[in-house]
Amino acid sequence: MRPEQTVTAEVLVVGAGAAGIAAAVAASRIGARVVVVERGALTGGKATAAMVGTICGIYLRGGSEARYAMNGFPREFCEQLAGRSGTHAVAGVRGLWFLPYAYDAFEELGTWLLNETGVELRTSTSIESCHAEGDRLVSAAARGRDGLTEIRAASMVDCSGTGLLAELSGAPMIRTQRYQRPAQVFCMRGVRANEESALNMAVNRAMLRADPTGHGSVSVVPGSLREGQVCLKIAFSEQVEEGADLDVLQANGQRMAGEMAALLKEGVEAFHGAEVSTVAPEVGVRTQQRAQGRYTLEQEDVMTCRKFADGVANGAWPIEFWGAERNVAMRYFGEGEHYQVPAGALRAATLSNLFLAGRTISATEQAIASARVIGTCLGTGYAAGVLAATAALRKDMDAAIESVRRAQVYI
Ligand SMILES: Cc1cc2nc3c(=O)[nH]c(=O)nc-3n(C[C@H](O)[C@H](O)[C@H](O)COP(=O)(O)OP(=O)(O)OC[C@H]3O[C@@H](n4cnc5c(N)ncnc54)[C@H](O)[C@@H]3O)c2cc1C
């Protein structure tokens with residue numbers, strides 16, 4: 001079908017999750033004309049639609065106070081988000097620091113930043129196809145309220161979470177037979193508890209009594225207990241098969257939320273009389289297929305805290321792998337340590353003007369189990385935005401990489 005209108009931009013960003021927000025702001029701040037296309041009605045991606053609730057990977061592990069793992073935009077975003085949410089860094093198990101946030105504050109901050117930097121944001125609009133000529137993407141077709149629009153852009157940043165632009169253009173992808181176990185978040189109000197860890201233990205005990213439901217475990221989302229409301233995360237017991245029907249997964253998540261809420265009301269005193277206030281509209285799918293980059297980040301890079309000459313973002317979260325086993329497998333590197341994500345992992349292998357960010361950077365399934373956290377997504381998003389704008393504006397790429405390193409990598 002022929003597009004009804006054509007829009008031109010220097011940089012097209014697909015997806016307005018954590019990575020897309022960062023990429024668009026970065027590209028716009030260095031002078032590019034940016035269009036962001038987002039399938040959902042709101043910004044934030046998984047951080048808001050799957051109600052993730054905590055930013056991980058933005059602080060180094062260990063220490064008596066939280067120390068940022070990155071400066072620049074990721075830090076700026078988290079400081080503003082903490083202010084808007086009325087939250088602060090919290091120390092969890094094994095010295096892991098994280099930032100709880102309010103979902104509406106994340107969405108409002110993301111949208112505000114895009115507006116403030118002059119980015120054109122098209123929500124409720126979905127990329128359906130793209131067109132490549134030689135080794136370059138030329139345009140993408142987006143379907144929104146006003147029909148089909150052709151968006152022509154000099155550079156594109158794929159922040160879709162699924163390597164969408166690479167897949168649509170037939171570029172090489174990273175796939176595995178199974179992806180990590182997803183989760184469904186829901187919140188309950190009217191909960192009579194003041195202490196989150198005691199509530200979490202009571203939830204765990206009730207689940208152990210009720211098991212085997214075969215539905216996996218339920219835990220309190222850290223930092224979410226406020227004014228009689230708490231959010232809970234149901235871990236699915238099965239991994240996601242390649243090519244699985246996400247609508248089925250979604251329906252299962254919604255059904256499980258209802259079942260688990262009933263179980264908690266019945267089995268945990270603090271939940272007697274409580275009711276479900278929200279069920280996350282999207283099931284939390286952690287990883288999916290990704291685009292193949294010029295470099296693929298590996299488990300060894302993460303675990304040895306490897307630094308690269310073109311390292312453009314820092315990763316500070318351990319490998320958190322939701323595999324087939326009942327419990328999540330955590331692999332820690334040293335306290336106070338971090339690895340770097342090289343620019344090569346943010347550049348598509350075969351398309352010269354396609355950049356990758358967030359949970360769809362070029363990384364193995366083990367490495368992405370660390371690099372997919374929101375803190376790192378903000379860093380790879382910002383870096384990919386600068387690189388994409390630099391290519392579009394025909395500026396010096398080596399100088400751009402060094403500017404990103406100065407902005408956020410040197411800590
Ligand atoms: C259950 C769960 C728990 C997690 N817990 C934590 C945690 O505690 N802390 C933490 O830091 N991280 C956590 N994560 C990881 C983190 O939330 C995500 O990896 C991160 O938010 C991904 O950001 P992103 O911008 O790369 O992608 P996404 O947030 O997935 O954004 C992709 C965006 O692209 C849009 N899109 C997709 N296709 C199209 C299309 N065709 N056209 C237009 N737009 C499109 C989507 O609508 C979406 O908004 C968790 C993830 C899950 C699933």
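**Figure 1. Helix α10 from end to end in a predicted model.** At 1.5 Å a residue, the 19 residues of α10 should span 27 Å, and this agrees with the 26 Å between its end C-alpha atoms. The expected span is 1.5 Å times one less than the number of residues in the helix. Helices here are DSSP runs of H or I with at least four residues, strands are runs of E with at least two, and both are numbered from the N terminus. Because 19 of the 19 residues of α10 are buried, this helix is largely enclosed by the rest of the structure. A residue counts as buried if 20 or more other C-beta atoms lie within 10 Å of its own, as exposed if 12 or fewer do, and as partly exposed in between, with C-beta atoms placed from the backbone. After α10 comes R394, with a positive phi near 55 degrees.

A note on reading all the views: residues are numbered from 1 along each chain as its sequence is written. As this is a predicted model, local features need pLDDT of at least 70 and side-chain atom pairs count only at pLDDT 80 or more, while totals for chains, interfaces and linings use all residues.

**Figure 2. Helix α1 and its surroundings.** Helix α1 covers residues 18-29, and its 12 residues reach 17 Å from first to last C-alpha, close to the expected 16 Å. With 11 of those 12 residues buried, α1 is largely enclosed by the rest of the structure; among the buried ones are A18, I21, A23, V25 and S28. Have a look at A23: leaving aside residues up to four places away in sequence, A23 touches V13, V157, C159, A357, G381, Y382, A384, G385 and A388. Contact here calls for C-beta atoms, placed from the backbone, within 7 Å. Just after α1, G31 takes a positive phi of about 105 degrees.

Figure 3. At least three residues of the core come from each of domain 1 and domain 2.

Figure 4. Domain 1 (5-176 + 288-409) and domain 2 (181-279) are given by the domain assignment of the protein chain, with bounds from an automatic or database assignment. Their C-alpha centres lie 28 Å apart. Across the boundary, 14 residues of domain 1 are in contact with nine residues of domain 2. On the domain 1 side, the touching residues divide into seven nonpolar, six polar and one charged.

**Figure 5. Strands β18 and β21 side by side.** Four bridges join β18 (residues 311-315) to β21, and the two run antiparallel.

**Figure 6. An open sheet of three strands.** The order is β3-β5-β4, with antiparallel pairing; strands pair if DSSP finds at least two bridges between them. At the edges, β3 (54-55) and β4 (90-91) each pair on one side only. Two bridges join β3 to β5 (residues 97-100), and P100 is the bridge partner of T54.

Note on methods. Two residues are in contact if their C-beta atoms, placed from the backbone, lie within 7 Å. Ala, Val, Leu, Ile, Met, Phe, Trp, Tyr, Cys and Pro count as nonpolar, Asp, Glu, Lys and Arg as charged, and the others, Gly among them, as polar.
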